[in-house]
Amino acid sequence: MTKYFAKKTACSNGHLHASKREAKRCDQLHLLQRGREIEGLTIEPKFEFVIDGKPVKMGNGRTASYRPDFTYMERGKLIAEDVKGMVVRDFPLRAALFRHLYPDWELRLT
């Protein structure tokens, strides 16, 4: 059992996701890609937070970053999508940093 009662689930493409909802969305996005409505679908890419050429470091020494569930291009627009059953404590700050540091990307919550 996970912290937020989500059950790890594989999508029909074999990717293991944090929840059933996320696995279902992955299946939908793969269908959209096959239908050429989106392109370049990526699962859990990592966006590191860098300010003035320096990585933002947390107290434990790790680089601060954000991993949306999916990224893809839709009608020429870059999309970072996160499937949220509930918004966890640090998400609003990560979302704000992502939007500021990656202004060419649209962040979608589904």
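## Exercises on packing

Tyr102 is partly exposed, with a relative accessible area of 22%; this class lies between buried (under 20%) and exposed (over 50%), taken with a 1.4 Å probe on protein chains only. The model is predicted: local features need pLDDT of at least 70 and side-chain atom pairs count only at pLDDT 80 or more, while totals for chains, interfaces and linings use all residues. Residues are numbered from 1 along each chain as its sequence is written, and side-chain values use heavy atoms, with hydrogens and water left out.

**Exercise 1.** Describe how the ring of Phe98 is placed relative to Phe47 and Tyr102.

*Solution.* 
- Step 1. The structure holds six aromatic pairs; rings of Phe, Tyr and Trp (its six-membered ring) pair if their centres lie within 6.5 Å, and are stacked with planes under 30 degrees apart, edge-to-face over 60 and tilted otherwise.
- Step 2. Phe47 and Phe98 are edge-to-face, at 5.0 Å centre to centre with 85° between the planes.
- Step 3. Phe47 lies in strand β4 (residues 47–48) and Phe98 in helix α2 (residues 91–101), 51 residues apart. Helices (H or I, at least four residues) and strands (E, at least two) are DSSP runs, numbered from the N terminus.
- Step 4. Phe98 is buried at 0% relative accessible area, and Phe47 is buried at 9%.
- Step 5. The ring centres of Phe98 and Tyr102 are 5.3 Å apart and the planes are at 25°, so this pair is stacked.
- Step 6. Phe47, Phe98 and Tyr102 belong to one aromatic cluster that also includes Tyr66, Phe91 and Trp105.

**Exercise 2.** Work out which residues of α1 are buried and which are exposed.

*Solution.* 
- Step 1. From first C-alpha to last, the 15 residues of α1 reach 21 Å, close to the 21 Å expected at 1.5 Å a residue; the expected span is 1.5 Å times one less than the number of residues.
- Step 2. Glu22, Ala23, Arg25, Cys26, Leu29 and His30 are buried in α1.
- Step 3. These residues are on the same side of α1 because they cover an arc of only 160° around the axis, the arc being that of the directions from the helix axis to the C-beta atoms.
- Step 4. An α-helix has 3.6 residues a turn, so residues three or four places apart point the same way.
- Step 5. Lys20, Lys24, Leu31 and Arg34, on the other side of α1, are exposed.
- Step 6. The cover over the buried residues of α1 includes β1 (9–10), β2 (16–17), β3 (39–43), β8 and β9 (77–82).

**Exercise 3.** Locate Thr63 and list its contacts.

*Solution.* 
- Step 1. Thr63 sits in the loop between β6 (54–55) and β7 (65–66).
- Step 2. Beyond its neighbours within four places in sequence, Thr63 is in contact (heavy atoms within 4.5 Å) with Glu48, Phe49, Pro55, Val56, Lys57 and Met58.
- Step 3. The side chains of Thr63 and Lys57 are joined by a polar contact of 3.4 Å. Such a contact is a pair of N or O atoms within 3.5 Å; within protein, one must be able to donate a hydrogen and the other to accept it, and residues adjacent in sequence count only if both atoms are side-chain atoms.
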